[in-house]
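Biologist: I have a model on my screen and some terms to question. Can you take me through them one by one?

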Amino acid sequence: MKAAIIGTGPGGLYAALAASKHNIQIDLFEKRSVGEGIVCGECIFDSLNIMKKPGRGLMHPVDEIVLQGRGCYTFPLGRHRKLWMLDRRTWQQDLAACAVNRGVNLHEHTKITPAHLQQMTKEYDWIIDASGAPSITSRLKGFSNDYFKNYLLAYQVVLAGDFRAVWPHIKIIFLQDIPADCQPAYAWIFPKDANLANVGVVCSVQGTMKKDKLDLKKVLARMIRTEGLNHAQELERGSGMAVAGMLSRLVYGNILLAGDAAGLTSPLHGGGIDMACLSGVLAADAVVNGVSGVAEYHEKLRRYTKEKLALEKVTVQKMKTLNFDEFDKLLGGITSRRWYVRGRTALQHLDMFYTTLKWFGTRKHRPDWPV
Ligand SMILES: Cc1cc2nc3c(=O)[nH]c(=O)nc-3n(C[C@H](O)[C@H](O)[C@H](O)COP(=O)(O)OP(=O)(O)OC[C@H]3O[C@@H](n4cnc5c(N)ncnc54)[C@H](O)[C@@H]3O)c2cc1C
């Protein structure tokens, strides 16, 4: 069997590693070099509680997140779901080296165009497209607009400065005066160590983003000032999008979409590394099992994400409908150390309580992780 994988982000690398355990010829294509051009907060949130601890590139686990509304609330999320700060470049380069050691043919600086992809559908038995959003398959098949119906737009800088006030936690800052249709919107400070952090802002967009509605660069500059970070040195800047919802179709003939290409980023926070890894592994397992395996791929992903997406949908709705004071009260209630405050908050937000219980309570099958 001959398989091609497009992209050496987490989705493509996990697909290559999972497929390399079988007797398959694997060609892995990357338009840049591995680990180049990454714009990311670099925090893995193991939202389904199924991941294995990352190897090289792991900076530190995150036990607590700081949520800032009007007040500042600390939540020990790490007790329930694992979070890890990464150096993604090192992590991905190590995964790629591991894949090459296991016999994967890595082709860096090889950009797959729609015409190449068309040709590849004849040359390979299966293709896993993990080229991000919008995917190269969408350009061939004409569905690129599907990624832009509802998405999160993010703008980020990498800052060198003093992050001891946050590190080793991460901080999410909810923003005031954001129009409801731009919610969810928040800023983040994700320190990789005490002196280096990814700092950014994100908001929701339907269709096209109008700068006069919300200028992310200005919002970020304001947040940096109010957080007292204006003396930090900016090392890099970049922007990107995260699709807010799985696409309605993930298989096109012998092409399977994985990771962001499949629209697997969280509609609530835009994170997608965990889902990219999972979908890469499931896509590789599917092609190994042939036509019947591929037919089950989409449904398997739906089963994995059902409870997580239900909670995220309710939370997004809260962010759209509650005013800032009400949302702040919700944050304070959820994170309170007093059980009766948490209980009262649960009664006031039964939909959120119920979906949270289902999310925490449903155990997902751990896939056979390749690393
Ligand atoms: C600003 C920002 C911050 C984020 N922060 C986080 C975070 O902290 N935690 C988290 O979990 N998620 C985060 N995300 C989302 C996360 O980055 C993605 O969900 C994740 O990278 C998806 O992995 P992937 O493998 O599907 O795609 P990608 O990581 O996008 O990888 C796609 C790869 O394909 C290559 N490629 C593209 N086109 C071609 C082509 N034609 N030919 C060959 N190669 C091609 C690209 O060069 C790239 O290497 C963030 C996103 C943004 C925009």
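**Terms and what backs them**

Modeller: Start with two helices. The axes of helix 1 and helix 6 come within 7 Å and cross at roughly 35°. Keep in mind that this is a predicted model.

Biologist: Why is the crossing of helix 1 and helix 6 called right-handed?

Modeller: A crossing is right-handed if the near helix is turned clockwise from the far one by less than a right angle. Helix 1 passes helix 6 in that right-handed sense.

Biologist: How do you know which residues of helix 1 and helix 6 meet?

Modeller: Two residues are in contact if their C-beta atoms lie within 7 Å. On the helix 1 side, the residues that meet helix 6 include P10, G11, L13 and A18. Among their partners in helix 6 are I273, A276, G280 and V288. The residues of this contact divide into 13 nonpolar, 4 polar and 1 charged.

Biologist: What makes strand 6 and strand 14 edge strands?

Modeller: The open sheet has 7 strands in the order 6-5-11-12-13-10-14, with mixed pairing. Strand 6 (72-75) and strand 14 each pair on one side only, so they are the edges. Neighbouring strands in this sheet are turned by 20° against each other on average, direction ignored.

Biologist: How do you know that strand 12 pairs with strand 13?

Modeller: Pairing needs at least two bridges. Strand 12 (residues 186-193) and strand 13 (residues 196-206) are joined by 7 bridges, so they pair. They run antiparallel. Y186 stands opposite V202 in strand 13.

Biologist: Which helices lie on these strands?

Modeller: Helix 5 (residues 216-226) lies across strand 10, strand 11 (170-174), strand 12 and strand 13. Helix 5 runs at about 140° to strand 13. Helix 8 (residues 324-335) packs on the sheet and touches strand 5 (65-68), strand 6 and strand 11. The direction of helix 8 makes about 35° with that of strand 6.

Notes
Residues are numbered from 1 along each chain as its sequence is written. This is a predicted model: local features need pLDDT of at least 70, side-chain atom pairs count only at pLDDT 80 or more; totals for chains, interfaces and linings use all residues. Helices (H or I, at least four residues) and strands (E, at least two) are DSSP runs, numbered from the N terminus. Axes are lines fitted to C-alpha atoms, for helices over the stretch in contact, and angles run from 0 to 180 degrees between N-to-C directions. Ala, Val, Leu, Ile, Met, Phe, Trp, Tyr, Cys and Pro count as nonpolar, Asp, Glu, Lys and Arg as charged, and the others, Gly among them, as polar.
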